[in-house]
Amino acid sequence: MSKKWWDSLSPEQQAEYNLLRRERYQKRISSMSAQELAEHKRKQREGWQKFGANLAPKKKEQLHNIIMANARKKWANLPPEIKSKEMADMKVRGKKVVEKQKRLVISHYSNGSMVCCKCGFSDIRALSIDHINGGGRRHTEEIRKAGTIFYRWLIKNNFPNGFQVLCMNCNYIKKAENKEDTGHTVK
Ligand SMILES: [Zn+2]
């Protein structure tokens, strides 16, 4: 589409057109098999990465600012019902990403067994990553402060050594034995 044609449209028409395009895209995506979808996403990601890698840093920053400004503008103009739907979708997507990251991290540090290394507990909801050397606790806590960023940090840093999988019980017991602050008085 030409920019001139696009600019000649009213904001409502633009919104309608975008909605149509989005629907068409969603339809295309939903007709893909899981494999096709993964391939499609990989290609898309690679394309953007290649594009970004070839840009001069200054140009990249400019482009980033334009994209963000456009996104903000677009967001501000969205009808409330689409906004709330979009926010709900975003939440679901975010949760899925974190779950995937957690599974990846727990799998790595349990050598694929997905269980607590002390007692064998296997419900992933109560499994956590523990800094084997209590001394690094502050570091771990620092990263963990930002919540799920910890998993991403481990993945990005190529799964550094010194961590293990503990369930919440074993984690608590370890802290009590090491006389670390558990937030409770241990009798
Ligand atoms: Zn345990």
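The largest nonpolar core comprises 12 residues: Val-105, Ile-106, Tyr-109, Cys-116, Leu-127, Ile-129, Phe-150, Tyr-151, Val-165, Leu-166, Cys-167 and Cys-170. At least two residues of this core come from each of H5, strand E1 (127–131), H7 and strand E2 (163–167). A nonpolar core is a set of buried Ala, Val, Leu, Ile, Met, Phe, Trp, Tyr and Cys residues joined through C-beta atoms within 7 Å; buried denotes 20 or more other C-beta atoms within 10 Å of the residue's own, with C-beta atoms placed from the backbone.

The model is predicted: local features need pLDDT of at least 70, side-chain atom pairs count only at pLDDT 80 or more, and totals for chains, interfaces and linings use all residues. Residues are numbered from 1 along each chain as its sequence is written.

Buried residues account for 7% of the 187 residues in the protein. Eight helices and two strands form the secondary structure (DSSP runs of H or I, at least four residues, and of E, at least two, numbered from the N terminus).

Leu-127 is in contact (C-beta atoms within 7 Å) with Ile-106, Cys-116, Val-165 and Cys-167, leaving aside neighbours within four places in sequence.

The axes of helix H5 (residues 80–109) and helix H7 (residues 149–156) come within 9 Å and cross at roughly 50°.

Definitions and conventions. Axes fitted to C-alpha atoms, helices over the stretch in contact; angles between N-to-C directions. Contact = placed C-beta atoms within 7 Å.
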